[in-house]
Amino acid sequence: MGVDAAFAKARAQGRPALIGYLPAGFPSVPDGITAIRTMIDAGVDAVEVGLPYSDPVMDGPVIQRASQAALDAGVRTRDVLATVEAVASAGVPVLVMTYWNPVERYGVQAFARDLAAAGGAGLITPDLIPDEASEWLAAADAHDLDRVFVVAPSSTDERLAMTTAACRGFVYAASVMGVTGARDRPSAAAPALVERLRRVTDIPVGVGLGVRDGAQAALVGRYADAVIVGSALVGCLLDAADLSAGLTALATLTADLAAGVRAADSSA
């Protein structure tokens, strides 16, 4: 299922989509699957499954800690694909968020083949630029996968146009320069970045980095086609005394975020 389905559903309801991120394999592979399903049941429209990586240049401390715990427990790429397969039947599109090196090590065509076979929708590749992505673009086309590239406030208009032309599904607008993490308020640079993107593309724009609750999701949802939340959701599991408490916190926050996007006046 492509991510277009999530945007179509949200548009039909007059609201932005909610995309939630959790890394595969945390706190364990089975518990990570349970956590993602909990997030789906509580109202996300699409899921980003993180592929834990040893050199996460864009990830903030919360996601780094969870990913490192998964790596320390022995999680491998095959476990990420197994996680995708286990949750793809839950009714929402599932993308993998990954740095490029693990895909190259696995084999680009093989990764695309196996991701498609698992029911995955596509990849979000934060450290891969379209100029260097010819092999991935071909593999995504061959296996009908979405390809989501990341832009930032520092991107030139020329770079925005070139990057969005290579995207399929949506473009990921990183609302701040630097690493991921929940913040006290959404980035002031994000609305301007989205406005610049609207001038060069009709592809949906998802805004990520910093959203931590439903009130912030509503604010971002006024100008974005999707609100992307990662660190705040991961923190629910990371900070909990046990898995049960973590799942409860995860369900509560996801429901709050889902209520936030439903309250957003995306026409404002």
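This talk walks through selected helices, strands and residues of one predicted protein model.

Good morning, colleagues. The model is a predicted one, so local features are reported at pLDDT of at least 70 and side-chain atom pairs only at pLDDT 80 or more, while totals for chains, interfaces and linings use all residues. Residues are numbered from 1 along each chain as its sequence is written, and side-chain values use heavy atoms, with hydrogens and water left out.

Which residues of α1 are buried? They are A6, F7 and A10, where buried means under 20% relative accessible area, exposed means over 50%, and partly exposed lies in between, with a 1.4 Å probe and protein chains only. These residues lie on the same side of α1, because they cover an arc of only 95° around the axis; the arc is that of the directions from the helix axis to the C-beta atoms. Among the elements covering them are β1 (17-23), β2 (46-50) and β9 (226-229); contact here means heavy atoms within 4.5 Å. Just after α1, G14 takes a positive phi of about 70°.

V261 and G14 are 247 residues apart in sequence, yet 9.8 Å apart in space, C-alpha to C-alpha. V261 is buried, at 0% relative accessibility. Setting aside residues up to four places away in sequence, V261 touches R15, P16, A17, L18, A217 and V227.

Helix α12, residues 243-263, also holds T254. Is T254 buried or exposed? T254 is buried, with a relative accessible area of 0%. Its side chain reaches the backbone oxygen of L250 at 2.7 Å, which is a polar contact in the sense of a pair of N or O atoms within 3.5 Å; within protein, one must be able to donate a hydrogen and the other to accept it, and residues adjacent in sequence count only if both atoms are side-chain atoms. Not counting residues up to four places away in sequence, T254 touches L18, M39, A42, G43, V44 and L233.

Next comes strand β2, where E48 is placed. This glutamate counts as buried, at 1% relative accessibility. Beyond its neighbours within four places in sequence, E48 is in contact with several residues, including I19, G20, Y21, L22 and Y172. E48 and G20 are 28 residues apart in sequence and 6.0 Å apart in space, C-alpha to C-alpha.

L22 leads us to the largest nonpolar core, which has 88 residues. Such a core is a set of buried Ala, Val, Leu, Ile, Met, Phe, Trp, Tyr and Cys residues joined through side-chain atoms within 4.5 Å. Which of its residues touch the most other members? They are L22, V47, W136 and F170.

W136 takes us to helix α7, residues 134-143, in which W136, L137, A139 and A140 are buried. Seen down the axis of α7, the buried residues fall within an arc of 165°, so they line one face of the helix. On the other side of α7, S134 and A142 are exposed. The buried residues pack against α5 (100-106), α6 (108-117), β4 (122-124), β5 (146-148) and α8.

The loop between α7 and β5 contains D144. D144 has a positive phi of about 55° although it is not a glycine, and at 65% relative accessibility D144 counts as exposed.

One further backbone feature is the cis peptide bond from F26 to P27, with omega near 0°. P27 sits in the loop between β1 and α2 (29-41).

I close with a helix pair. Helix α8, residues 157-166, and helix α9, residues 190-200, pack at an angle of about 65° with their axes 9 Å apart; axes are lines fitted to C-alpha atoms, for helices over the stretch in contact, and angles run from 0 to 180 degrees between N-to-C directions. Where they meet, D157, L160, A161 and T164 in α8 face L193, R196, L197 and V200 in α9 as contact partners. Thank you for your attention.

How values were computed
Helix = DSSP H or I, 4+ residues; strand = E, 2+ residues; numbered from the N terminus.
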